[in-house]
Amino acid sequence: RPRMRKALEGLTRYIATPRVSKHRLFVWLDGDVVPDTRLFVFARDDDYFMGVLHSRLHEMWALSNVSIHGDGDEGGRPTYTTDACFQNFPFPWAPGKESQDDPLVQAIAQAASELVTKRDAWLNPPDAKPETLSKRTLTNLYNERPSWLVDLHRRLDEAVFAAYGWPSTLTDAEVLERLLALNHERAAS
């Protein structure tokens, strides 16, 4: 993928998400890592972009537009696609048009950075034994959803809602209605 490699060139880190996953998770990968076809990558290295992608709003949008892969014991797994899940997602600002100096952008960036920092600390505690580390996976963490993780995601979601100018008390259906209306409005312009 020459275009992808060119887009990632010079980045010290970039965002990735698995194509098929029980939970829609986004992680930072080191800029030297060459991803395989099971990952979608985003050539951005800023916490704001990571935060919007990892927000409840984007997760709802993605889940409402995904296909389901497989039908095992736990049911199928949502399959993320760039066309249905990412390219038509209406960010608070068009990608690349947000101002990193905007307090709303900074609030999302700070919340995302704190989430990733604490999540990474949980995944790799200092002096952990190999048997402990083998159980510390993102899937296990998000299956358990400890209160600290729920609180960090709530804070991130509130910052993203504020960037849209919407109350964080909207129902999932109301969020999807507003995102779709925003998508149509932007497509028309």
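Arginine 13 is partly exposed, since its relative accessibility is 25% (buried is under 20% relative accessible area, exposed over 50%, partly exposed in between, with a 1.4 Å probe and protein chains only). The model is predicted: local features need pLDDT of at least 70, side-chain atom pairs count only at pLDDT 80 or more, and totals for chains, interfaces and linings use all residues. Residues are numbered from 1 along each chain as its sequence is written, and side-chain values use heavy atoms, leaving out hydrogens and water.

**Salt bridges**

- The structure holds ten salt bridges (a side-chain nitrogen of Lys or Arg within 4 Å of a carboxyl oxygen of Asp or Glu).
- One of them joins aspartate 47 to arginine 13, at 3.1 Å from N to O.
- Aspartate 47 sits in helix H2 and arginine 13 in strand S1, so this pair ties together parts 34 residues apart in sequence (helices are DSSP runs of H or I with at least four residues, strands are runs of E with at least two, numbered from the N terminus).
- Arginine 154 pairs with glutamate 158, with the closest N and O atoms 3.8 Å apart.
- Both residues, arginine 154 and glutamate 158, lie in helix H8, four residues apart, about one turn of the helix.

**Helices H3 and H9**

- The axes of H3 (residues 56–65) and H9 (residues 172–188) come within 10 Å and cross at roughly 80 degrees (axes are lines fitted to C-alpha atoms, for helices over the stretch in contact, and angles run from 0 to 180 degrees between N-to-C directions).
- H3 and H9 are therefore roughly perpendicular (65 to 115 degrees; under 35 is roughly parallel, over 145 roughly antiparallel, the rest oblique).
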